[in-house]
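This report describes the side-chain packing of a single structure.

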Amino acid sequence: MPCHHHPVPTGIDWLDQMPVLNATDFLAIVDTFPQVRLVLFGHIHQAFAHHRLAQPGQPTVAFYGCPSTCLQVTPAIATPHCHLPGFRLLSLLADGSHRTQVQRVHSVPIPP
């Protein structure tokens, strides 16, 4: 399920003032559908991962923020390459699980 704004707190005060509207209602709806396994969002311009258990006995729901292909927001705990543009790769597997990784783009000189 893709969103633009984040439905869960990111830990960055000024960003957390701009969540998806009605985030509480959104999460309540997600909690009622055990087939929802992940939620993707951008807007925060950083890599982010959070897992939430909706109901006991159901799988967790993964919430992933995607870095920007342009400027980045420095996360609360900076990593060596968090300032670089990037994107998130996502593999959806037949058993309902997934794999994801963030790829950073190192600048490539443009010939004159």
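## Burial of Phe41

A residue is termed buried when its relative accessible area is under 20%. In this predicted model, Phe41 has a relative accessible area of 1% and is therefore buried.

Apart from neighbours within four places in sequence, the contacts of Phe41 include Cys3, His4, His5, His6 and Pro7. Phe41 also touches Phe48, Phe63, Tyr64, Gly65 and Cys66.

## Nonpolar core

Fifteen residues make up the largest nonpolar core. Phe26, Val39, Phe41, Val61 and Phe63 have the most contacts inside this core.

Two or more core residues are given by each of α1 (23-31), β2 (38-41) and β4 (60-65). The largest share, three residues, is that of α1.

## Cysteines

The structure contains zero disulfides. Cys70 takes part in no disulfide, and its nearest cysteine sulfur, belonging to Cys82, is 15 Å away. A disulfide would require the two sulfur atoms to lie within 2.5 Å.

With a relative accessibility of 49%, Cys70 is partly exposed. Cys66, which is in contact with Phe41, is also partly exposed, at 22% relative accessibility.

Terms used: Residues are numbered from 1 along each chain as its sequence is written. This is a predicted model: local features need pLDDT of at least 70, side-chain atom pairs count only at pLDDT 80 or more; totals for chains, interfaces and linings use all residues. Side-chain values use heavy atoms; hydrogens and water are left out. Buried means under 20% relative accessible area, exposed over 50%, partly exposed in between (1.4 Å probe, protein chains only). A nonpolar core is a set of buried Ala, Val, Leu, Ile, Met, Phe, Trp, Tyr and Cys residues joined through side-chain atoms within 4.5 Å. Helices (H or I, at least four residues) and strands (E, at least two) are DSSP runs, numbered from the N terminus. Contact means heavy atoms within 4.5 Å.
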